[in-house]
Amino acid sequence: PRPLRAVAVRVADAAAAFHTSVAHGARPAFPPADLGTGFALSEVELYGDVVLRYVSFPDPDSSQNTSKVPSFLPGFEDVEESGSDSPDYGLRRLDHAVGNVPELAPVLAYIAGFMGFHEFAEFTAEDVGTAESGLNSMVLANNEETVLLPVNEPVHGTKRRSQIQTYLDHNGGAGLQHLALASDDVLRTLREMKAKSAMGGFEFLAPPPPNYYQGVRRRAGDVLTEEQIKECQELGVLVDRDDQGVLLQIFTKPIGDRPTIFLEIIQRIGCMMKDEEGREYQKGGCGGFGKGNFSELFKSIEEYEKSLEAKHTT
């Protein structure tokens, strides 16, 4: 069985979204279903056996609603917090969902064709690979750039098998590689997770070598304090920056018994804007997706390995 089957997005009308998508080439997976109290869902195929789930429900704060709207789905009841011991890890929403596929171009054409998404960012093996392995990636986004769907393909002909090909082999085909969970304070999130580690949790990838954070000071020292940079180093948080904002990110090891799906925890800093009503919001994809992190990280690892080799020869 696959570890994750559906990626859900909220739409104004799940039935209309389904029929419009199918009319524009989407392969139907589950027809529109009325769940009651204004809730509805439908599904179309995304890639592999992963589906895109459309969910629509009334706004509980709307003045047009005269009845109580469930905060989740019909049949579920709210549970009051049990007290101060209830953990709040600061995770607020899904930032993006990344898929791995054997061949990128037809999948991008399929998704963009029925969703109307545009290309938001592109990465090649030169951006996110090494001399031994690599991948190509494209990020698709909706018009508001609040729904982000990166898709990866393996690069062949390298010394080592691409990490994407390893995923495809162990997953039995295309599927979701990782989910990025957005935190409003990733350092606090990680501190809380470590404090509750006795309850279980995730293992994170090994942190980069210490000299990686000298590059962080150069790239983001005007946004992050020295104390924050030191804490990033202690926790193994990666830092990247584009021309608009700063990205903090950390990755877990695969959460199952195969090298397939894992989680990313991120925080985006900057890119604050105001809508027509004067409400402040953050632009989607602020700080990028870690392009600079990969190149800086690989460079730091190579320098670190060279320093170890030099010690062994002296």
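In which strand is histidine 178 found? Histidine 178 is found in strand β9, strands being DSSP runs of E with at least two residues and helices runs of H or I with at least four, numbered from the N terminus.

## Basis of the model

This is a predicted model, in which local features need pLDDT of at least 70 and side-chain atom pairs count only at pLDDT 80 or more, while totals for chains, interfaces and linings use all residues. Residues are numbered from 1 along each chain as its sequence is written, and side-chain values use heavy atoms, with hydrogens and water left out.

## The sheet

An open sheet of 8 strands runs in the order β6-β7-β8-β5-β9-β12-β11-β10 with mixed pairing, where two strands pair if DSSP finds at least two bridges between them. The edge strands, each pairing on one side only, are β6 (118-123) and β10 (238-241). Strands β7 (residues 135-141) and β8 (residues 148-154) run antiparallel and are joined by 7 bridges; leucine 135 has proline 154 in β8 as its bridge partner.

## The annotated site

The "binding site" annotation in the unreviewed UniProt entry covers His96, His178 and Glu264, and such annotations may be inferred rather than shown by experiment. These residues span 169 residues in sequence, yet no two of their C-alpha atoms are more than 9.5 Å apart, so they gather at one spot.

Histidine 178 counts as buried at 7% relative accessibility, and glutamate 264, which lies in strand β12, is also buried, with a relative accessible area of 3% (buried means under 20%, exposed over 50% and partly exposed in between, with a 1.4 Å probe and protein chains only).
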